[in-house]
Amino acid sequence: MPDTMNPITPVGENIPRVDAVEKVTGAAKFADDFQFGPGLLYGRLVRSPHPHAIIKKIDASKALALPGVKAIATGADTPGYIGLYLQDRHIFATDRVRYIGDPVAGIVATSEEIAEQAVKLVEVEYEVLPAVTDPLDAMKADAPILHPELGKYQVANFIFPKPGTNISNHFKIRKGDVEKGFAECDVIVEGEFRVPQIQHVPIEPHIATALADQSGKITLWASSQSPFAQRNLIAKALHIGQGDIRVVAPYIGGGFGSKAGVSMEACAVVMAMKVPGRPVKLRLTREEEFFTTFVRQGLVARSKLGASKTGKILAMKTEYYWDAGAYTEYGVNMTRAGGYSSTGPYEIPNVQADSYCCYTNHPVGGPMRGFGMPEIHWGIEQLVDQLAEKLKIDPRDVRLQNCVKTGSEIVTGWKMHPIGLDKCIEKATAAINWGKHEPASAPHKKRGKGLAIMWKAPAMTPNAGSSSYVRLNEDATVTIGLGGQEIGQGTHTVMAQMAAAALGVPIEWIRIATPVDTLYSPYEWQTVASRLTWSMGNAVVAAAQNARQQILELVAEHWNEKVEDLDIKEGKVISYKSEESLPLQNMVIYGLPKEGDCGWRGGPIVGRGNFMPTYVTGLDAETGQGPRAVVHYTVGCQAVDLEVDTETGQIEVLRVAAAFDVGKAINPDQVRAQMEGGVVQGLSSALFEQLKLKNGKPVNPSFVDYRIATSVDMVREIIPIIVETAQDDGPWGARGIGEHAMVPTAPAIANAIYDAVGVRLSSMPLSAEKIFLAMQK
Amino acid sequence: MSQHEISLTVNGSPERVTVPSNMTLLTMLREVLVLTGTKNGCAAGECGACTVLFNGEPVNSCMMLAVEADGANIVTVEGLAHDGTLDRIQQKFVELTGVQCGFCTPGMLISARALLDRNPHPSAAQIQDALRGNLCRCTGYTRVVEAVEQAVSIS
Ligand code: FES
Ligand code: FES
């Protein structure tokens with residue numbers, strides 16, 4: 001068996017992306033690229049214009065009379081509920097709408113234009129209700145209740161809704177004695193920090209094509225991070241067997257969480273069920289993309305942090321109010337993650353934290369790169385800097401002193417696994433000459449440096465599993481079956497590397513079975529949480545090892561040798577004992593002949609493997625303490641060097657050093673690419689991004705009004721640094737990195753701005769205007 | 001909707017198609033000629049995913065009507081490689097990981113090709129400027145710009 005802790009080629013090498021040639025030639029297929037022939041119909045959705053209203057009546061007769069309109073689906077077609085952790089959502093609104101954009105009906109027509117015309121002909125009578133547009137208002141005793149049925153919803157056993165209120169989850173930490181802790185502190189800081197809703201902005205908008213055939217079988221082609229979860233959730237909502245829904249999911253043109261779980265895909269399925277035998281394509285406009293699937297939740301964070309005069313952090317008290325939007329089927333788990341990671345990566349003996357998931361009449365909050373962590377670290381990391389200032393200790397040293405280290409007792413009571421956060425801090429700060437004042441480039445500019453650290457654990461159901469098969473072909477090329485999605489993070493490349501290493505064949509021989517198709521591909525929970533390298537990687541390695549074992553057993557019998565003396569190297573079985581060698585070609589399909597022309601042994605080789613963490617336990621509902629709430633944490637540090645233009649408030653980020661402990665970089669160059677992309681997405685969110693909501697109405701849903709970083713905003717110098725402290729159950733020690741690089745960027749920039757001009761802003765984004773105005777005070 | 005027959009050259013091949021007067025060039029390329037390499041990211045002229053060369057100039061094909069392309073010479077991402085050899089910008093995107101999800105990539109490559117055609121030795125700032133209409137949410141742009149810079153140096 002290959003020892004996955006010992007690197008073997010090509011693990012650890014900078015293999016170019018295996019999907020790159022397809023993607024630069026236009027060959028790569030995305031969900032809107034599949035061809036469906038002349039039978040294809042198109043869908044458009046009728047959406048609520050009100051943030052909160054009762055639906056009195058839907059009259060679709062005029063729309064149905066429009067030539068070309070084939071069918072209209074409404075809530076009456078699907079009265080049941082859908083949702084990942086809390087089933088609080090209808091596929092189409094039934095009695096009530098809860099945000100602007102809530103789907104009320106779906107038009108199926110022969111063209112998108114006709115469907116769009118028909119949308120305007122559907123007459124919906126609403127009784128408008130008062131709307132809740134702030135999470136703090138949602139908490140008030142006299143707030144309008146968005147989900148009176150909350151107590152009846154099905155919910156995962158680690159989510160705690162409060163029926164009769166707008167709180168769909170309340171996660172608590174009660175560790176040590178927080179009041180006593182503060183009493184012992186010499187220095188205390190506190191603050192309120194706000195994070196607005198932002199959007200993922202994948203460049204590919206959501207798209208789904210659904211077909212319900214005349215026998216009742218359903219096929220869905222979608223840009224999806226979660227083909228298996230979609231199959232499961234849609235099957236449950238529509239009372240169909242999972243085996244009778246097939247989800248086909250090709251390359252994703254960016255998702256960042258917005259294409260996880262289920263959103264508009266379920267609408268497409270219900271619409272297709274109205275026109276059996278005809279595929280129905282539903283694609284969102286860019287405007288819809290901004291507010292009708294998922295947005296990153298808003299957050300109001302109130303925190304208090306105290307330390308002894310030597311700099312030891314002794315107590316932390318936190319309240320997180322998540323502006324989770326109209327439906328919180330996914331958001332409830334962000335609230336939980338925000339709670340069990342509420343201290344940030346610090347060892348603090350006394351902690352009180354309350355994380356509330358608040359229903360509001362806002363767009364639906366969903367997972368976005370970092371799953372609550374960018375939001376909570378925004379406040380934590382600024383408070384730690386404020387604490388350091390009061391203590392008159394270098395903020396770097398306060399972090400080195402208090403950050404979680406191997407064996408630290410973390411906020412839930414678990415002992416931290418081997419981890420190198422202190423190394424990350426040292427390396428990132430050294431890379432930007434921390435502590436050394438460097439001059440600004442012009443007299444009207446001021447230079448500043450700042451840092452922030454982070455942690456993040458995959459947030460998922462405790463038993464989220466992966467599986468894989470490894471199939472050999474006549475020419476000894478190897479087809480890897482997997483159910484995780486290539487979303488840009490490079491998972492196909494990394495899986496190919498691991499499979500090649502575990503099996504003993506050149507990487508060029510590996511093929512990935514795409515698109516993922518729930519009919520043929522092995523199960524994978526979802527492509528989220530930066531979990532694939534670790535979880536799916538383990539499954540792929542297990543499958544490759546299983547195939548390898550089958551091959552070795554066959555050849556050992558053939559050579560009359562022991563399996564232990566054999567190995568597979570560069571696609572050949574070799575014997576260390578007899579020094580025989582046999583290429584894999586043909587043998588892996590046709591087997592090997594027995595001596596004397598008296599038959600054959602072996603057969604087509606198919607390896608199988610799976611992986612599921614079996615050790616994750618629950619947490620006490622009152623104290624948030626428990627043996628092991630998560631599988632592991634990835635940690636890191638970013639240090640930022642920037643200039644502020646004092647005449648305009650404009651920020652120029654000169655360089656960012658990003659150091660993350662990834663356990664083991666299977667492909668160091670791809671790890672660096674993730675860090676670079678994450679830094680710029682983090683910078684974009686810090687400086688530019690906010691989905692502006694006025695009385696629940698998104699006022700800037702276009703690229704013109706919602707600006708994201710462009711090529712001219714590129715950071716001049718990004719210094720990615722890889723730290724490797726092996727993960728005990730990761731393949732070759734690997735942990736995930738996809739989301740993490742975005743987490744500390746915003747607070748690191750905020751801290752650097754403070755260093756430059758003495759201005760501290762508690763709410764994102766850090767627009768030039770806000771900085772300029774604050775400098776005038 | 002009135003129908004029009006138009007003739008144009010796409011990636012070097014003559015094409016004759018009949019299109020409704022309101023069909024965009026993007027839709028014609030993707031749905032009539034089934035050249036799906038060109039992407040639709042906004043249909044509003046704001047993201048650059050649909051960029052094609054129109055008589056040598058980069059244009060957002062979602063903002064043009066197919067009928068305007070009558071007689072035009074169009075190059076899409078599918079037309080960048082020749083005889084199985086990648087364009088050097090494509091090569092550098094592969095080597096330097098100028099690609100992640102790949103959805104912005106066709107548009108990026110076309111904009112970069114147009115830049116190098118009119119200015120064979122652009123500075124990094126000129127490259128950044130030429131790509132500012134091509135939004136990318138994955139790469140952070142550094143490797144994209146670097147790939148174009150290196151494609152320049154091997155010319
Ligand atoms: S699709 Fe044409 S610019 Fe976005
Ligand atoms: S690579 Fe994903 S948008 Fe550019």
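Buried, as used here, means under 20% relative accessible area, with exposed over 50% and partly exposed in between (1.4 Å probe, protein chains only). By that criterion R143(B), at 8% relative accessibility, counts as buried. The structure is a predicted model, in which local features need pLDDT of at least 70 and side-chain atom pairs count only at pLDDT 80 or more, whereas totals for chains, interfaces and linings use all residues. Residues are numbered from 1 along each chain as its sequence is written, chains are lettered from A and ligands numbered from 1 in the order in which they are written, and side-chain values use heavy atoms, with hydrogens and water left out.

**Interface of chain B and chain A**

- Contact, meaning heavy atoms within 4.5 Å, involves 53 residues from chain A and 40 residues from chain B.
- About 3,800 Å² is buried between the two chains, and carbon and sulfur atoms give 58% of it; buried area is the accessible area (1.4 Å probe) that two parts lose on being put together, summed over both.
- On the chain B side, Q100(B), R137(B) and R143(B) lose the most area to chain A, together 21% of what that side buries.
- The interface holds seven salt bridges, each defined as a side-chain nitrogen of Lys or Arg within 4 Å of a carboxyl oxygen of Asp or Glu.
- Five helices of chain B, α1 (25-32), α2 (88-96), α3 (105-118), α4 (124-130) and α5 (142-153), each supply at least two residues of the side that touches chain A; helices (H or I, at least four residues) and strands (E, at least two) are DSSP runs, numbered from the N terminus.

**Salt bridges**

- Over all chains, the whole structure contains 57 salt bridges.
- R143(B) and D669(A) meet in a salt bridge at 3.2 Å, N to O.
- This pair joins two chains, because R143(B) lies in helix α5 of chain B and D669(A) in helix α16 (residues 668-687) of chain A.
- D669(A) also counts as buried, at 18% relative accessibility.
- Salt bridges that share partners join D32(A), D33(A), E112(A), K281(A), R283(A), R30(B), E31(B) and K39(B) into one network.
- Within that network, the side chains of R30(B) and D32(A) meet at 3.6 Å, N to O.
- K39(B) lies in the loop between α1 and β3 (51-54) of chain B and is buried, at 1% relative accessibility.
- The contacts of K39(B), not counting residues up to four places away in sequence, include A28(A), F30(A) and D33(A).
- R735(A) forms a salt bridge with D661(A), the closest N and O atoms being 2.8 Å apart.
- The two residues are 74 residues apart, R735(A) in the loop between β33 (717-723) and α17 (745-757) and D661(A) in strand β30 (residues 651-661) of chain A.
- R735(A) is buried at 2% relative accessible area, and D661(A) at 0% relative accessibility.

**Nonpolar cores**

- A nonpolar core is a set of buried Ala, Val, Leu, Ile, Met, Phe, Trp, Tyr and Cys residues joined through side-chain atoms within 4.5 Å.
- The largest has 174 residues, and Y633(A), L642(A) and I749(A) have the most contacts inside it.
- Helix α10 (residues 373-391) of chain A gives the largest share of this core, nine residues.
- Apart from it lies another core, of 54 residues, among them I100(A), V201(A), M368(A) and F93(B).
- Beyond four places in sequence, Y633(A) touches residues including W414(A), W455(A) and R735(A).
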